[in-house]
Amino acid sequence: LITKNNLQFPVGLVYEDQPFSIQAMQLAKGITVVNEPLYYYRKNAGGSITDNEKKNDRYKFNFLEITRLSKTFMKEQGVYDVLRKEYMPYHFFNAAVHQHYITDKKKFKEFFDKMRELTSTEDFEVLKQTKQEYLADKYLEALESNNYKKFYRFSNKVSLAKKILRPERKNKRK
């Protein structure tokens with residue numbers, strides 16, 4: 001399957017497993033589920049993407065490129081309209097989280113504009129019909145009205161609320 005279809009992970013991007021997995025599942029003649037834990041995901045390894053993605057804006061923009069690659073492939077295969085209802089809420093929530101963690105206002109707007117370019121009118125319609133998390137719901141409102149400042153203000157309020165509600169833990173006495 002991999003050799004025949006020349007499947008490769010995109011080079012130089014993080015989240016590269018998403019388009020590879022979408023392509024492999026779409027091109028496979030069949031898929032089998034094995035009910036065994038064969039993959040162990042280790043978090044907090046120090047140098048992993050998941051440990052550093054909040055701080056690295058490049059990762060956030062890689063997410064948008066990975067989304068573009070995935071959507072392009074699904075459209076070329078003629079399956080995007082069928083998969084949109086499942087794919088868009090997942091993609092959209094993750095985009096909202098990535099957008100939320102961008103602190104530089106210029107990069108925030110750039111990400112917002114790129115996200116608008118990636119979201120078609122049909123995508124917006126599907127998202128409006130889908131129950132969203134609160135963050136994604138606010139993101140949808142801002143994107144649809146093309147008002148990045150609205151989500152920027154909301155995002156900053158959420159960040160401030162987190163700081164107030166979760167103050168740093170004081171060192172425990174030994």
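Trainee: Which residues does Arg-84 touch, not counting residues up to four places away in sequence?
Mentor: This is a predicted model, in which local features need pLDDT of at least 70 and side-chain atom pairs count only at pLDDT 80 or more, while totals for chains, interfaces and linings use all residues. Residues are numbered from 1 along each chain as its sequence is written, and side-chain values use heavy atoms, with hydrogens and water left out. A contact means heavy atoms within 4.5 Å. With residues up to four places away in sequence set aside, Arg-84 touches Pro-89, Ser-120, Glu-122, Asp-123 and Val-126.

Trainee: Does Arg-84 count as buried or exposed?
Mentor: Arg-84 lies in helix H4, where helices (H or I, at least four residues) and strands (E, at least two) are DSSP runs numbered from the N terminus. Buried means under 20% relative accessible area, exposed over 50%, and partly exposed in between (1.4 Å probe, protein chains only). Because its relative accessibility is 9%, Arg-84 counts as buried.

Trainee: What pattern does the protein follow when read along the sequence?
Mentor: The protein has eight helices and zero strands. Along the sequence, the pattern is therefore written with helix symbols, as helices and strands are the DSSP runs defined above. The protein follows the pattern α-α-α-α-α-α-α-α.

Trainee: Among contacts between residues at least 6 apart in sequence, what percentage joins residues at least 24 apart?
Mentor: The protein has 174 residues, of which buried residues make up 36%. Among its contacts between residues at least 6 apart in sequence, the share joining residues at least 24 apart is 67%.

Trainee: How are H3 and H5 arranged relative to each other?
Mentor: Helix H3 (residues 57–76) and helix H5 (residues 105–118) pack with their axes 11 Å apart, at an angle of about 5°. Axes are lines fitted to C-alpha atoms, for helices over the stretch in contact, and angles run from 0 to 180 degrees between N-to-C directions. Angles under 35 degrees count as roughly parallel, over 145 as roughly antiparallel, 65 to 115 as roughly perpendicular and the rest as oblique. H3 and H5 are therefore roughly parallel.

Trainee: By class, how many residues of the contact of H3 with H5 are charged?
Mentor: In this contact, Asp-57, Lys-60, Phe-61, Leu-64, Thr-67, Arg-68 and Lys-71 of H3 meet Lys-107, Glu-110, Phe-111, Lys-114, Met-115 and Leu-118 of H5. Ala, Val, Leu, Ile, Met, Phe, Trp, Tyr, Cys and Pro count as nonpolar, Asp, Glu, Lys and Arg as charged, and the others, Gly among them, as polar. By class, the contact of H3 with H5 has five nonpolar residues and one polar residue, and its charged residues number seven.

Trainee: How many residues of the contact of H1 with H3 are nonpolar?
Mentor: Helix H1 (residues 17–27) packs on H3 at an angle of about 15°, with the axes 9 Å apart, which makes H1 roughly parallel to H3. Gln-18, Pro-19, Ile-22, Gln-23, Gln-26 and Leu-27 of H1 make the contact with Ile-66, Ser-70, Phe-73 and Met-74 of H3. In the contact of H1 with H3, no residues are charged, four are polar and the nonpolar ones number six.

Trainee: What is the angle between the planes of Phe-92 and Tyr-139?
Mentor: Rings of Phe, Tyr and Trp (its six-membered ring) pair if their centres lie within 6.5 Å; planes under 30 degrees apart count as stacked, over 60 as edge-to-face and the rest as tilted. A search of the whole structure finds 12 aromatic pairs. Phe-92 and Tyr-139 form a tilted pair, 5.2 Å centre to centre, and the angle between the planes is 40°. Phe-92 in helix H4 (residues 80–100) and Tyr-139 in helix H7 (residues 134–144) lie 47 residues apart, and for the planes the value remains 40°.

Trainee: Why is the pair of Phe-108 and Tyr-152 given its class?
Mentor: Phe-108 lies in helix H5 and Tyr-152 in helix H8, 44 residues apart. Phe-108 counts as buried at 0% relative accessibility, and Tyr-152 counts as buried at 16%. The ring centres of Phe-108 and Tyr-152 are 4.8 Å apart and the planes are at 80°, so the pair is edge-to-face.

Trainee: What is the phi of Tyr-15?
Mentor: Tyr-15 is found in the segment before H1 and is buried, with a relative accessible area of 17%. Although Tyr-15 is not a glycine, its phi is positive, at about 65°.
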